[in-house]
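Welcome! Take a moment to look over the model below, and then we will walk through it together.

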Amino acid sequence: MQAVVFDLYETLITEFDPDWRPEKTPAERLGVQGEVFDRVWRSRKAALMTQAVDYRDVVREVCQAAGIVIDARIETVIEDLYSERLAA
């Protein structure tokens with residue numbers, strides 16, 4: 001027997017926890033303006049939801065759009081954000 005489960009945006013599984021607040025937003029941790037982060041994030045949200053793109057790649061796109069050089073420190077922040085996202 002096989003089954004396919006569809007979750008139409010917050011129907012079965014939620015990504016929203018009203019009690020959770022990060023100390024710093026991903027934008028703040030990357031040193032990116034929130035507006036830039038939000039613009040790129042919104043433009044890639046559908047691809048993220050279908051896993052057509054990787055979270056880390058989208059965060060790199062955010063950095064590039066903001067003119068942030070992706071060095072070892074930024075890669076560490078990206079990996080930390082990704083790990084925290086998976087854990088959440």
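This is a predicted model: local features need pLDDT of at least 70, side-chain atom pairs count only at pLDDT 80 or more; totals for chains, interfaces and linings use all residues.

Helices α1 (26–30), α2 (34–49) and α4 (72–87) each provide at least two lining residues, and α2 gives the most, with seven.

Now for the largest nonpolar core, which has 18 residues. Leu30, Val32, Phe37, Trp41 and Tyr55 touch the most other members. Two or more residues of this core come from each of α1, α2, α3 (55–65) and α4. Leu30 shows how such contacts reach along the chain: beyond its neighbours within four places in sequence, it is in contact with Phe37, Val59, Cys63, Ile68, Ile74, Val77, Ile78 and Leu81.

What about the aromatic rings? The count comes to three aromatic pairs. One of them joins Trp41 and Tyr55 edge-to-face, with 5.6 Å from centre to centre and 75° between the planes. This pair links distant parts of the chain, as Trp41 sits in helix α2 and Tyr55 in helix α3, 14 residues apart. Phe37, Trp41, Tyr55 and Tyr82 form one aromatic cluster.

Here are the two partners of that pair side by side:

| Residue | Relative accessible area | Class |
|---|---|---|
| Trp41 | 17% | buried |
| Tyr55 | 8% | buried |

Trp41 counts as buried because its relative accessible area of 17% is under the 20% cut-off.

Key. Residues are numbered from 1 along each chain as its sequence is written. Side-chain values use heavy atoms; hydrogens and water are left out. Helices (H or I, at least four residues) and strands (E, at least two) are DSSP runs, numbered from the N terminus. A nonpolar core is a set of buried Ala, Val, Leu, Ile, Met, Phe, Trp, Tyr and Cys residues joined through side-chain atoms within 4.5 Å. Buried means under 20% relative accessible area, exposed over 50%, partly exposed in between (1.4 Å probe, protein chains only). Contact means heavy atoms within 4.5 Å. Rings of Phe, Tyr and Trp (its six-membered ring) pair if their centres lie within 6.5 Å; planes under 30 degrees apart count as stacked, over 60 as edge-to-face and the rest as tilted.
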